[in-house]
Structures are given as structure tokens and as C-alpha cells.
Amino acid sequence: MKAGGALLEAEGLVRRYTMRRGMFGRAVDVRAVDGVSLRLERGRTLGLVGESGCGKSTTGRLVLGMESPDAGSVSFDGRTMPAPGTAAWRALRMRMQMVFQDPLGALDRRLPIGAQVIEPLDIHGIGDPAARAARVQELLRAVGLRPDQAARYPHELSGGQRQRAVLARALATDPALLVCDEPISALDVSIQAQVMNLLVELQERFGTALLFISHDLRAVRQVSHRVAVMYLGRIVEEGEPDAVLHDPAHPYARALVSAIPHPGRGGRRIVLQGDPPNPADRPSGCAFHPRCPVASARCAQDVPPLKPRADGRLVACHVAHGDAAAGQGTDRQEAA
């Protein structure tokens, strides 16, 4: 499958939630997503990585139109995303689907697998009853399940088989985009590899674009054509997997990559000091500067823009761009 052209574009996405400080405290806004822009080409995979709570899943819901952004815009196939819940949005949803983290939770335990795979075809009125039944058999075979397993209930399948069933249902309407939100984290390690290989095979067969959301850098490296690293609601680095995951430019990305087990690899693991900041009380300047081993005085004052470097990748870091003096606080980097 030859990719070409932007299928999905998001510009300056912001999503705020309101929370209270304590039972009787004042309400404060929390920016779960704070100015995220991304681009995904047809038939390609963008890996989105970062710590839990950084805004990855919220970004996935925003690009699908499952939530409305407080600012920014999303366009799909060159057209602005319709408002959630409208007839235009429901019609568009057949071209974009989501694969959730927990396959058992994503499936209805009261219905056999075949009935759940055929449901999107019924909802969107695709084909006649005979064509829909044939499509279910085709999809089950495509994801590595037997046709007779259409009569099985979710609890009668293994974790890997359930995730395959979820993928079959997501592919029923022949979508152009799949948003995969931690699709392997609930699976055993041996099953994870099978599902990852399946995603690659399905993309090659159907030409589906993937937004692959995960905290597992090894999985992201296996499937992605580009990788974006998020921290506290913002993308801090984006580029080709070989560049971002082998020679990261942003200090946060370097810390993530250093934690990947790799027999025989030299170097020390970078241990970040302190906890991630409270999203309701963001630090001034670069949100990462309180934990950064190379932060300068400017990092505490100015928010670094996400801009290209000479090597083509996008990085939001004063130090990485040579805009600030490095070397301060290097005692915070130590071996694990």
C-alpha cells in the first residue's frame, strides 16, 4: 500500500476540564491537551507516547470527534470535523474507528462475537443480510479467527482472541483511520507480539492509517512511521522513529528512551527527579524544567515552541535548539 496525502490534521487542539481543589475549594481549569498539532498520512502510522496522564488518550478522542476541543480544529480527508452527535459526524464515523485498551470491556458480554462484528454494518446500512454475514466471515479470517468462533461469547475467548475480535469489528466498515488506545497493554507479552504483527499486516492489506497511542516505546518503534512524544498535554518531540527513539533530542524523550531494556547497550539510565507537575498548577515556562537535568534559567521563563531542527524533526526545547545555555543541573542525571 502506497501512502500519500494527509488524511488527518489537527491544529492547536486544547481540551480543558474543570476540577475542584478539595470538597469546598474553588474550581480550576486543567488543560489535559494544550495546543497539540499533528498530521497523519493515508496508510501510515503515527505513534503517540508519553507517561500516563500526559493527554494521549484525550488527544485520540479529540481527533475522532468523540469530544469537542475548547480550541483548535481537526480536519479529516480535507474537511473540517463535524460537531459530535450530528448526522454528518455519525456518517463520518464509519470511516474512523477506535480500538480500546481492554478488549473484554470493549465487547458486550451478552452477545456472541459475530453479532458484535456485524453491528457496525447494520448501523450504517452496509450491504444486505447475506453480504453482511459474508463480511463477518471475511473479517474473522482476516484477523486470524475461525469462522465458527462467531458463535462464541467474549468470555469463551482468550485475551488475544478478544482483541482480534475488537479489530474485526473496527474494520467492518472499511475505515480509513484506526485510533488504537493502548491496544496491547492488557495482553500477555507473547500475545502482544501477535497483535502487533497483526496490526502491521492489516495496514499493509487494507491501507488503514493508525494513530497508535502507547507508553510502550518498543511497540511504537515496531509499527510507527513517525513518533510524537507528549509531556503534560504538549508534544515535545516528533520525527522518524530511528531519530526519536535512537537519538532523542528532547531531555524528556531521552529519559524515556534510556528506560528501554536493551542488552549490551552502553550508557546510563536517566532517572528523573520528582513527580510530574500537577496539570492544574503548571510550572512557568517549559513544563518539564523542574525535572530536566539540563534546564537553564530561560527554561523556567519561556515556553519553548515546537519547531523544526536541521535534521527535520520537531523539538520543543530551548537547549536542543541552542537557544539557551545547557549544562545546568546535570547532577540530576544519574544511573539507575
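Helices are DSSP runs of H or I with at least four residues, strands runs of E with at least two, numbered from the N terminus.

This is a predicted model, in which local features need pLDDT of at least 70 and side-chain atom pairs count only at pLDDT 80 or more, while totals for chains, interfaces and linings use all residues. Residues are numbered from 1 along each chain as its sequence is written, and side-chain values use heavy atoms, with hydrogens and water left out.

## Helix α7: buried face

The buried residues in α7 are Ile191, Gln192, Val195, Met196, Leu198, Leu199, Leu202 and Gln203. Seen down the axis of α7, they fall within an arc of 160° and so line one face of the helix; the arc is taken from the directions from the helix axis to the C-beta atoms.

These buried residues pack against β3 (45–49), α5 (129–142), α6 (159–170), β7 (177–181), β8 (209–213) and α8 (217–223), where contact means heavy atoms within 4.5 Å. Just after α7, glycine 207 has a positive phi of about 70°.

## Nonpolar cores

A nonpolar core is a set of buried Ala, Val, Leu, Ile, Met, Phe, Trp, Tyr and Cys residues joined through side-chain atoms within 4.5 Å. The largest has 65 residues, and Leu140, Val143, Leu167, Leu178, Phe212 and Val229 have the most contacts inside it. Helix α7 gives the most to this core, with six residues. Apart from this core lies another, of 30 residues, including Leu13 and Ile235.

Terms used
Buried means under 20% relative accessible area, exposed over 50%, partly exposed in between (1.4 Å probe, protein chains only).
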